[in-house]
Amino acid sequence: MNKLFYLFIILISCLNLYSQDINVNVMVNSNQISQTNKSVFTNLEKSITSLINSRSWSANNLSKIERLNLNVLINVISYSNNSFLANFEFQSLRPVLNSTYQTPLFNYVDNNVEFKFEEFETLYYADNQFSSDLVSLVSFYINIIIGIDNDSFIQNSGNPYYNKAQEILNLASQSSSSNSWQSTSSGGRINKFWLIENLNSSNSKEFRDLLYSFHVEGLDMMHENLEKSKENIIRSIISLDKMNRRTPNSLLIKVFFDTKSDEIQDIFTSGPQVDTDLLYQQLNRLAPFFSSKWRNIR
C-alpha cells in the first residue's frame, strides 16, 4: 500500500512540472484546394495543436481560467507534394478581471507563408534548433503573443518572450531557404522581421506602456469604476501620439488598432458618457482607416 502511495505522489509531482498555458483552437481551411482527400489538412490541424499543447511556453503558473486563449486560422492557398502556401491568422484573447469578458490582444495575419508538411508528421520544438519553417513560424508567434499577454498584466514583463522570438527568427533566417524570415520579404514592413524589430525597439515604449494601462488601469478596473476606467483608456490611447510623431506609420500602432478598433467603439458608445473630443481627434490622426467607427463615438 505504501509503495503504491509513493508512486502516486511521484506521478502527481511529475505532472505538476508541466503547466499548459494556452487554450488553442486551430482551424485549417482548405476550401480553395480542389483535391478530394482532405486528410492531410486535418492532420496539419492536429499536428499544430499538439505542438502548442505539448509543452509549457512560459514560466507562468496559470489556473485554467487565466490561460491565454488563442485561435489560429490557416487558409490554404495552394498545396502540392507536401508543399503549402497559406495565410496564417492569429487571434489571442485575455481574460478581464472580475468578468467573463475576453478582450482581444493580438490580431495579425501573416500572408503567403510557404512551408512543407508531410501527413502524420510530428512537429517538435527545441530551443536553439531549426526544425522546419512551420515549427519556427508557430513558435515565433507563440512567443510574441505570450510577450504581449505578459505586458498587459505587468509592465515590460514580455521581454524574455520577445527575445526568444528574436532568437527563433535569427535562426530561421540562417537555416531556412524561405525569404519570409528576411526584412525584405513580401508585404513591405509588415512581416515577421519588422514585427519583432519594433517590439524590441526603444521606440515601442508607448505601445508597451499602453498594453498595461489599457488593460490593467482600464478594462480590469471597470467592475470598480466604469467612468474612471474609460478616462484611463482615453489617456492610454492618446499617449500613442508621441510614438506616432516619432515613427509615423508604425507597424505596432497598426496592429493595435486592427485588434482593438471594434472594442474601442463598443466602450465609448455605451454609458456612462465621458468627454471623447480629444480621443476622437487623436483616433483620426492615429488610425484614419477606421474613421467610420470613430464617428460613432464623437
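The model is predicted, so local features need pLDDT of at least 70 and side-chain atom pairs count only at pLDDT 80 or more, while totals for chains, interfaces and linings use all residues. Residues are numbered from 1 along each chain as its sequence is written, and side-chain values use heavy atoms, with hydrogens and water left out.

**Exercise 1.** Describe the open sheet of 4 strands.

Solution. 
1. Strands are DSSP runs (E, at least two residues), numbered from the N terminus, and helices likewise (H or I, at least four).
2. The order is E1-E2-E3-E4 with mixed pairing; two strands pair if DSSP finds at least two bridges between them.
3. Strand E1 (22-29) and strand E4 (102-116) are the edges, each pairing on one side only.
4. From one strand to the next, the twist averages 15 degrees.
5. E3 (residues 83-95) runs antiparallel to E4 over 12 bridges, and Ala-86 stands opposite Val-113 in E4.

**Exercise 2.** Classify the packing of helix H6 (residues 205-215) against helix H9 (residues 251-268).

Solution. 
1. Axes are lines fitted to C-alpha atoms, for helices over the stretch in contact, and angles run from 0 to 180 degrees between N-to-C directions.
2. The two axes come within 12 Å and cross at roughly 20 degrees.
3. H6 and H9 are therefore roughly parallel (angles under 35 degrees).
4. In H6, Phe-207, Leu-210, Phe-214 and His-215 meet Leu-252, Phe-256, Lys-260, Glu-263, Ile-264 and Ile-267 in H9 (heavy atoms within 4.5 Å).
5. These residues divide into 7 nonpolar, 1 polar and 2 charged (Ala, Val, Leu, Ile, Met, Phe, Trp, Tyr, Cys and Pro count as nonpolar, Asp, Glu, Lys and Arg as charged, the others, Gly among them, as polar).

How values were computed
Angles under 35 degrees count as roughly parallel, over 145 as roughly antiparallel, 65 to 115 as roughly perpendicular and the rest as oblique.
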